[in-house]
Amino acid sequence: MKLSAEIKAFEQRLGHKFKRPELLARALTHSSISTPTRPDNQRLEFLGDRVLGLVMAEALFLGDRAASEGQMAPRFNALVRKEACADIARKIDLGAVLKLGRSEMMTGGRRKLALLGDAMEAVIAAVYLDGGFDAAKVLILRLWEDRLDSVEEDARDPKTALQEWAQARGLPPPRYEIIHRDGPDHAPNFTIEVRLENGARETAKAGSKRQGEMTAAKSLLKRLEDGAEG
């Protein structure tokens, strides 16, 4: 199978030369454009999620031999969650080579967190099937290097941390509210507000309520800890 010039450029950004380029082509094919003769990347996504998980679990286990299971678990979650995969996908401009149906293209599919995260996992699986576990491991550790170095900070759950901040000052838990929603049903955008009883508040926009709450909580917590409020 011959790859297009765009996908060849992506292959170089990825840092893995495929012996079976059809694996990469499949990893980049979203279900919105799949056909009986052009399978999508969902099965690869399933496999890639597990390969990523094993590599990250091993890296955490060997990287901090004094860490308890309770310390490693949130770090692991921070490294493998969909947001992390999507960030890595953006880093290598994976969205530019995604094969999408017209509806997804019209609604900004190349920038959607879920699509990018899923495709990144599928690409990991493609590398694993093409070059074996060692090739996938080298790829993951290279792309996730910065996140591994800063995982302690990333592992902090901002909603939990904000609630702890409030409780330590005798305040009730933060309240979250959807103050605006737009976009089509299959690709909604939410504006979420978090507020504390002392009047501190922050808003964030995201493609899911959960991500909006996390982002708003993180922004408010940073402002509070910097001494701007409370």
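**A walk from histidine 30 to the active site**

Let's start at histidine 30, which is buried: its relative accessible area is 15%, and the cut-off for that label is under 20%. Keep in mind that you're looking at a predicted model. To find histidine 30, look at the loop that runs between helix H2 (21–27) and helix H3 (42–63). Its side chain makes a polar contact of 2.8 Å with the side chain of serine 32. What else does histidine 30 touch, once you skip the neighbours within four places in sequence? The list is Asp40, Asn41, Lys99, Leu100, Glu104 and Leu115.

Now move on to the active site. The UniProt record, an unreviewed entry, puts that feature at Asp49 and Glu121.

Take aspartate 49 to begin with. You'll find aspartate 49 in helix H3, and with 27% relative accessibility it counts as partly exposed. Its side chain pairs up with that of arginine 50 in a polar contact of 3.1 Å.

Leaving out neighbours within four places in sequence, glutamate 121 is in contact with Leu44, Glu45, Gly48, Asp49, Val80, Lys82 and Cys85. Notice that Asp49, the other active-site position in the record, is on that list. Lysine 82 is there too, and its side chain forms a polar contact of 3.2 Å with the side chain of glutamate 121.

Conventions:
Residues are numbered from 1 along each chain as its sequence is written. This is a predicted model: local features need pLDDT of at least 70, side-chain atom pairs count only at pLDDT 80 or more; totals for chains, interfaces and linings use all residues. Side-chain values use heavy atoms; hydrogens and water are left out. Helices (H or I, at least four residues) and strands (E, at least two) are DSSP runs, numbered from the N terminus. Buried means under 20% relative accessible area, exposed over 50%, partly exposed in between (1.4 Å probe, protein chains only). A polar contact is a pair of N or O atoms within 3.5 Å; within protein, one must be able to donate a hydrogen and the other to accept it, and residues adjacent in sequence count only if both atoms are side-chain atoms. Contact means heavy atoms within 4.5 Å. UniProt positions are given in the numbering used here, feature names are shortened, and annotations may be inferred rather than shown by experiment.
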